[in-house]
Each structure stands twice: as structure tokens, then as C-alpha cells.
Amino acid sequence: MLNQKLIINMLKTKKLLLSTGISLALICCSTLAKNNKNQLPEIGAAGFSVLSIDKEQFIGDAMMKQVRASQPLLHDPVLNEYINSLGNLLVKNANDVNYAFDFFIVNSKELNAFAFFGGHIGIHSGLITTADNESELASVIAHEISHVTQRHLARRLEAQSRSQPLSIAGIASGILLALINPNLGMAALTTSMAASQQSGINYTRGNEKEADRVGISLLANSGFDPNGAPNFFGKMAEKFRYISKPPAMLLTHPMPDSRISDARIRAQNYPVVHLKPSLQFELTKARILARYERNPKTNIEMFEGLLKFERYELKEAVLYGLALSYLANNTYDKARDILEKLIKNDPNNLFYADAISDVYIATKEFDKAEKLLKRLSLLMPNNQIVALNYANVLQEANQLDQASSLLQDFLITQPNHFIGNDLLTTIYRKQDKIGLMHASKAEVFALLGIYPKAIDELQTAIKFSSDSPLFIKRLKARILQFRAQEEKLQRL
């Protein structure tokens, strides 16, 4: 994993941009309501009369930039790799997939998951740690995938535009806010919706029923236990039945008893599936607990207690969580002992490789880290966990030219990788390559949807690149691209 200084710098950058919020997404929805000339004729599929697939994807990408700038996302390559692998396993078996999906994790103990335009699906970390097994987590993701493939948000906009065309922007804004921040969003809905708009809420419940049906089918067809859905629904309903403030997910995903019973009946239509505990899932839970919840000493006591009383699904996951807790507590020898044993038995496990790389950096055993990551990079070229850890180890070892070269190659295949661009900016700064640093920083701002700042960075890069006419041409071309993106948003 990347060092803590880099993460802190990223968070500071995000704080400067909080004022943008998700205003761009709301502007998109507002202008969308006005530009009736851009609406497509209805061709039989619900949702197509309000948003074309291309517009839906473009608005979704713009919203994702604003979510990066305003929400506490976990920029953790290991967790991102896992959640996208799990999500895409489900997408592979879904119908009506119109674009690539993107899955991300919000650092929040709040139980919530949400989907919005363009196949973007967010899962709160608290929901992951609450799930007892991978089928339960997969059931939530399958449900959100179904919201996207059934184009529920577009269909809700269509339904509201028919009855209240003049207020569609306010309604859409409230719906979008409700998905991302239910407490704030529900307040927005309350102020913008009259009693006659209650049908909009009922329509949402209809969406939930459809997403349950499609999601459970998808869950079963992907090899997971279909009972993961009703089990997780029932767990949430029981846990929060008598609590005055329900979790965010129950605000946006109503959970009446009939919905749980319907889910159980649907799950019974599929063969019973008995799955072994998933090591990747258990390692993910342990990583979230150890890295992002509570303090190291508390976590050490917790994981040691789980080992002592053998309260675990897989011992390796508890050992991994304990090693991460030792690392966070600067107890490097104990962390190294555990991780070296784990990776010896499972040499290609990237959870272990990431953690042991952090230990080797802390103890300045750069040769060991380089040897491990070089082997993995040959085995898994351009894997984000391997590439970012390898580049980070190289920069910590002051091998800056190798680090920047590795990241440049990585970003050719994944140009929109937020951490990759941010880490490259840091390395260029250390190399005193001012023009390249500002150009790389521009890409970071662009990924946050802050095009004016991105253009400013590119113009500064031009000033420091007078000795490279070809590079200046590339910078000017990129400025034109960013301006075109802004204009495209305004034309929606």
C-alpha cells in the first residue's frame, strides 16, 4: 500500500475541492430537463426517452469525478482490485450491459450501497464488514448492478418528467443526493416533492422489487448462494427494526417484510449452493478492520483474541489482520514474521505482497521488496497493486527514474487511475521535473472534475517546457480536450 504521507496529501487536495460537491451532476440534470430538443423518441425500452445510453454514461462519468472530490473514497488498490473483481464476475453474467462497470468503496461505517448513471456502483466499507460471507456481499452488488441494467434512474426521471416536467431538475437532484448521501438527499426530496409526487416513491419501491428479482437471478447464475440476498435483507431488517434512525441503505432501499419473504421465495427456486469461505472476502474484511477502523492497539487485542479462541472462518485472514495491526503499531518484526510465513504458503497473494512491501519499506529492506515485486510484475504486468507498490518501493529507495518509467507504462493502460497519476506527480516533484509535474497534476484535477484548475496546471507546465516543442503541442492539445469536456457538459 502507498505510504501515509501520500494519502494525507490526497485528502488535503480533496478538502480544497469539497465546495464543488456534486454540483456538476446537479447542473447536468438541470440542463437535461431544459434541452428537450436532445431527447430521443421512445422506442419501447423504458428510460430511453429521457437519456440516451451515451448521455447516461457521460453524466455518470462526470458525477464520478465529483464523487471523488466530495466523498471519502478508499483509494486502496488492494480493496479496489477485490471489489472490481467481484463486481465484474457478476456483470459477466448480467443481461443488458451497455458499458464497463466501475466499483468503488466509500470509507464509512454507514451501511449503504448505491448505483448511478454509467455503471458506477459505490459500496460503503461498513456494509462489507457487516456481511457474513461473500454471497451476502455479492447479493448487494448484484442488486445494484440490476438497478443499472434496468436503467431505474433514467426510468424514474422519465416518470417524473411526464407528471412534473418543470421540476424534474429539483427531483433528479434530490434522488441523486439520496443515493449518495441519504440523510441529505431525503431532506432535499422532502422540500422539492409535494404530496402528489408520492408516486415517485412508490415507483422506487417497484424498482426495488425488480432489482431483487433480477439480482437474485444474477447471484445464482454467477455461482453464489441465492439465499445470500434474503439472509442479508433479513439481518438488516432485524438489526434495525427498533432503531429510530435506520441505516442509509434502508432510506434508499425500503425493506418491508413482504420484500424479505418475496426474496426467500425467489431464492428457493434455485438449487442450494454450499460454498467454502472465500479467502479474498475474509482478507478484505480483515484489511478494512485493521487499516480503517479503530486504533492499532485495539485491533491487536481483537485479532489476538480471535486467534486465541479460534473464532474465525479462515485463520489466514485473522493472521493477516493482526500483521496489518502490528504494522500500524510500528511493531515491524512481528508483522514481518507473520507476513513472510503467509506469503511463503501463498506466494502470488497480492494482499500479502502489498502488506509485506509496506513492512520492507518501513525497515528499509528495499532489496527484498524489489525482488518480490519484480517477480510479480513479470507474472502480472500492469496489475495495479503490483505496479503501484513497485513504483512506491522504487521511489522510497530513491530510484526515481525507474519509478517514473514504471508508472508511465502503467498509466498507458490505465490513464484514469487516480492514485497512479497522483503518485507520478509526487515522483516528478522529487525529480525536479516541473513541467511534467504540473502536467501530471492536471490529470489529477481532471479526474476530480475540476477542469479550470487542470487547465491552469497545463498552462503552468507550458511555461516550464520551453525546451520541448513537441511536449508543448501535447499540452495544448490536452487543454483543448478539457475545454471540450466543459462545453459538452454545458450542451447537455
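This report describes the fold, cores, helix contacts and selected residues of a predicted model.

## Overall composition

The chain of this predicted model contains 25 helices and three strands. Of its 492 residues, 56% count as buried. Among contacts between residues at least 6 apart in sequence, 67% join residues at least 24 apart.

## Nonpolar cores

The largest nonpolar core has 96 residues, and those with the most contacts inside it are Ile83, Leu137, Ile141, Ile145 and Tyr320. Helix α18 (residues 350-362) supplies the largest share of this core, nine residues. Another core, of 19 residues, lies apart from it and includes Phe445, Leu448, Ile450 and Ala461.

Leucine 137 is one of the residues with the most contacts inside the largest core. Leaving aside residues up to four places away in sequence, leucine 137 touches Tyr82, Ile83, Leu86, Ile123, Leu127, Ile128, Ala131 and Phe281. Ile83, one of these partners, is likewise among the residues with the most contacts inside that core.

## Alanine 138 in helix α6

Alanine 138 is found in helix α6, which covers residues 134-149. Its relative accessibility is 0%, so alanine 138 counts as buried, the cut-off being under 20%. With residues up to four places away in sequence not counted, alanine 138 touches Leu86, Leu90, Leu219 and Phe224. Leu86 is also touched by leucine 137.

The C-alpha atom of alanine 138 is separated by 9.4 Å from that of glycine 215, and the two residues are 77 residues apart along the chain.

## Histidine 120 in strand β3

Strand β3 (residues 120-124) contains histidine 120. With a relative accessible area of 6%, histidine 120 falls under the 20% limit and is therefore buried. Its contacts, not counting residues up to four places away in sequence, are with Gly60, Asp61, Met64, Asp102, Phe104, Phe114 and Ala115. For one of these, phenylalanine 104, the C-alpha atom is separated from that of histidine 120 by 7.9 Å, the two residues being 16 residues apart along the chain.

Helix α3 (residues 53-70) has 18 residues and reaches 25 Å from its first C-alpha to its last, close to the 26 Å expected at 1.5 Å a residue. This helix is mostly covered, with 15 of its 18 residues buried.

Helix α11 (residues 228-239) has 12 residues, and its reach of 16 Å from first C-alpha to last is close to the expected 16 Å. The buried residues in α11 include Gly228, Ala229, Pro230, Phe232, Phe233, Gly234, Met236 and Ala237.

## Packing of α18 with α20

Helices α18 and α20 pack at an angle of about 5°, with their axes 10 Å apart. Because angles under 35 degrees count as roughly parallel, α18 is roughly parallel to α20. In α18, Leu350, Asp354, Ser357, Asp358 and Ile361 meet Ile385, Val386, Asn389, Asn392, Val393 and Glu396 of α20. By class, the residues of this contact divide into five nonpolar, three polar and three charged.

## Packing of α23 with α24

The axes of helix α23 (residues 434-447) and helix α24 (residues 451-463) come within 8 Å and cross at roughly 170°. An angle over 145 degrees counts as roughly antiparallel, and α23 and α24 are therefore roughly antiparallel to each other.

On the α23 side, the contact is made by Gly435, His438, Ala439, Lys441, Ala442, Phe445 and Ala446; on the α24 side, by Tyr451, Lys453, Ala454, Glu457, Leu458, Thr460 and Ala461. This contact has eight nonpolar, three polar and three charged residues.

## Loop residues with positive phi

Most residues other than glycine have a negative phi. Asparagine 330 has a phi near 65°, a positive value in a residue other than glycine. This asparagine lies in the loop between α16 (315-328) and α17 (332-345). Its relative accessible area is 53%, and asparagine 330 is exposed.

Asparagine 398 also has a positive phi, near 65°. Its position is in the loop between α20 (384-396) and α21 (400-413). At 58% relative accessibility, asparagine 398 counts as exposed.

How values were computed:
Residues are numbered from 1 along each chain as its sequence is written. This is a predicted model: local features need pLDDT of at least 70, side-chain atom pairs count only at pLDDT 80 or more; totals for chains, interfaces and linings use all residues. Side-chain values use heavy atoms; hydrogens and water are left out. Helices (H or I, at least four residues) and strands (E, at least two) are DSSP runs, numbered from the N terminus. The expected span of a helix is 1.5 Å times one less than its number of residues. Buried means under 20% relative accessible area, exposed over 50%, partly exposed in between (1.4 Å probe, protein chains only). A nonpolar core is a set of buried Ala, Val, Leu, Ile, Met, Phe, Trp, Tyr and Cys residues joined through side-chain atoms within 4.5 Å. Contact means heavy atoms within 4.5 Å. Axes are lines fitted to C-alpha atoms, for helices over the stretch in contact, and angles run from 0 to 180 degrees between N-to-C directions. Angles under 35 degrees count as roughly parallel, over 145 as roughly antiparallel, 65 to 115 as roughly perpendicular and the rest as oblique. Ala, Val, Leu, Ile, Met, Phe, Trp, Tyr, Cys and Pro count as nonpolar, Asp, Glu, Lys and Arg as charged, and the others, Gly among them, as polar.
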